[in-house]
Amino acid sequence: MSRLRRIAAVAAVESTRLMRTRIALTLLLLVPLLQIVLFGTAIRPDAAVTVAIAAPSKRDAETVASELGQQHNLAVVAKGAPGTAEAMVRRGGAVIGVEVPEARSFANPLAKGGPLRIVVDASNASLASAATARIEAAYWRALAERGDASGPGLKVERLYNPESRADWSFLPGLVGVTVMIAMIMLGTLSLAREREGGTWEALLILPVGRGEVLLGKLLPYVAIGTVQGLAVMMVGFWLFELPVRGNAAALAALLPLFAAAHLALGYAIAARARTQLAALQGAVAFYLPAMLLSGFLYPFATLPGWAQTIGNLFPLTHFNRAATGVMLRGEGWPLVLEQALPIAAFTLLAAAVAALFQARTLD
Amino acid sequence: MAELLVDISGLSKAFGSRTVVRDVSMRLGAGDLLGLVGANGGGKTTTLRMLAGLVKPDTGSGTVLGAAIRSGRSGRIDQRQIGYMSQKLALYAELTVLENLRFHARVHGLRSDVIGDALARYGLEAVASQRFGVLSGGWARRVQFATSVLHAPLLLLLDEPTAGLDVVTRLALWDWMAQFASAGSAVVVSTHDLAEAERLPQIMLYRDGRASAQTTPGQLIGAAGSPTLEAAVLGQAQP
C-alpha cells in the first residue's frame, strides 16, 4: 500500500509539473490533432495518378483518354502528338505517359504497328506500379472487347528505377529526413540547454552580438548535418545500390543550406519556448507535417492543392525533389539551384525570427 | 569619489504582481567595494542583474559605466567593462577549465598570456585540464571568478560568490575582490553572510526588495547599539 502511495505521489508531482508547462501541454494535444487532420484530409494514397497521352490523331488520343478516364485513380492531364507524353513524364508533368504508335490505338487495336508504349516515372515505385497495372488491364480488356485477345502487346518503360525498387523511392528523401530531424533537435537543444543550465545568463553579459551567438552556435552543427547527410547517401549507395546518376557535388552543396535551415528553425523554437520539453514538442510539431506533406511518406502529386501549397513551404519538400532528381533522374546544378532558393528563403526567415526572439535580457 | 561608474536612483522591478526591488539608489566610483546584504529573495540578484543590463528596471533611472539605465529602452552598457559572476555555476561543464578561460579570453579579444596569468593568480594550474563539470564547488567558484575578471573589468558584479564555500576559498575570494577594488574597479557583491559583510567598507541592507542607503557596517552597528552587524540586523528585523 505504501508503495502505491509513493507511486501516486510521484505521478501527482509529474502531472502537476506537466500541467504547469503550458506550452508543452498545448503541443502534446496539438501534435496528435495535427496528425489526425493531416492524415484524414491531406493523405490520400489512392489519389489519381497523372497520365499524359500522345497519339497520331486527336481522335485516337480522345479515345484512349476516354478509356483511361473511366479507370479509377487515373487522371488524364494532357493529350498531344507522338513523343509529347514521354517528354512530359521526363519533365515531371505526369507520372505515366501513354505513347500510341502510328496507326495504333485503343480505337483500332487490330491495326498493324509497334506495341503501345507506356513510359513510367518509376522514381516513386509504389505510386507508378499500381497505376501502370490498371492501364495494362484496360488495354487488354479493350482488345478482348474487340475480339482480339492475342493482339499486339504493349511495352512498359520504367524510367529512373527500372526494377521498381521501393527502397530507391524513399532513400533519397531519407537523407533529408535524417538531417532535418537531427538539426531541429540540435538547434533546439543548443539554446534550451544553455538556458536551463544557466550559461545563457553568462553568455548575455559577454560582448558577443545576437547574430554572432546565433552563427557561432549553429556553424558546428551545419558541418555535422552535412557529414550526416553524406553518410546516409553513402550507406544508400553501398548497401542498397542507390545510384547517383546526376551531379553528386551539387546535391552535397545543398546539404549545408538544408541543415542551416532546420538549425535556425530549432533555435527560433527554443528562443520562444521556456523549457527543453516545450522546445522538443515544438520541433516535433514541425517535422511531422513536413514528413507528411513533403512527398517523402506519400507522393507529393497525390496531395490536394492546399496541402501541396503548405508542403512547398517545407525545405524538406525541395530537398526531396533535388535528391530524387540528382540520384535517380541524373539532374544537376539547375535543379539543385532551383530548389535551393526556397530553402535559402526559409533559412533567412528562420534566422531572423531566431535572432529576434533571442532575448538580450532575462526579463 | 572622483568618477562615478554607477549612479542610479529609484530603481524598481516587478515580476508579474510581485515587486522584487523597490526604489534602490546607489553611487559607486572607482575603488569602491559595496556589499548588498540580506536574506535570500530580498532583491539582491535582481539589483545586480539591472546593473549588468540583464534586467530592465520598471522605474528609476541613472547610468552604469556612462550608459543610461531606465525603464523601457536603456542604453547599451559596454559589456567589455563589466565582469559578472552569477549565482549558478554558469560555465560550460563539458569544457576544461583552460578551455573555459580561453573562450572568455577570445570573446574579450585578450592575448592568450592572460590565461596563464589567471591560472597562476587564482591557483588553478592543478585543475586546468579538468572539465568544469567535475570540479568541486570551491574550485568551480574560483574558476568562475577567474573568468569574470579575466578582462580586468571596470565594474565587477558578483552574486553570492562565497555561498556554501569552505573558509579558505571564501577568504581567498574576499581578498581577490578587495584587490580588484584597490586596483580601481568598482565591485558590487551580494551576500547573506552577515559576518562576512561586517568586513566590507560599504553595505546596503536589503529586506523585501527595499534597500537601505549606502552605509558602513560600523554606522549600522553604532546606530543600533548592537555588538555585531548580525545583532543589529536581527534587532531591526524584530516586529
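**Notebook: chain B fold, chain A domains**

I checked burial in chain B of this predicted model first: 44% of its 239 residues count as buried (20 or more other C-beta atoms within 10 Å of a residue's own, C-beta atoms placed from the backbone). Local features need pLDDT of at least 70 and side-chain atom pairs 80 or more, while totals for chains, interfaces and linings use all residues. Residues are numbered from 1 along each chain as its sequence is written, and chains are lettered from A in the order written.

I looked up the size of chain B next. Its radius of gyration is 18 Å, which agrees with the value near 18 Å for a compact globule of 239 residues (taken over C-alpha atoms; the rule is 2.2 Å times the number of residues to the power 0.38). The C-alpha atoms fill a box of roughly 50 × 45 × 40 Å along the principal axes.

I turned to chain A. The assignment gives domain 1 (49-159) and domain 2 (166-357); such bounds come from an automatic or database domain assignment. The domain centres, over C-alpha atoms, are 39 Å apart. Seven residues from domain 1 and seven from domain 2 make the contact (C-beta atoms, placed from the backbone, within 7 Å).

I then followed helix 6 (residues 166-197) of chain A; helices are DSSP runs of H or I, at least four residues, numbered from the N terminus. The helix spans 45 Å, close to the expected 46 Å (1.5 Å times one less than its number of residues). I found Gly198(A) after helix 6, with a positive phi near 95°.

Note on methods: Two residues are in contact if their C-beta atoms, placed from the backbone, lie within 7 Å. Helices (H or I, at least four residues) and strands (E, at least two) are DSSP runs, numbered from the N terminus. A residue is buried if 20 or more other C-beta atoms lie within 10 Å of its own, exposed if 12 or fewer, and partly exposed in between; C-beta atoms are placed from the backbone.
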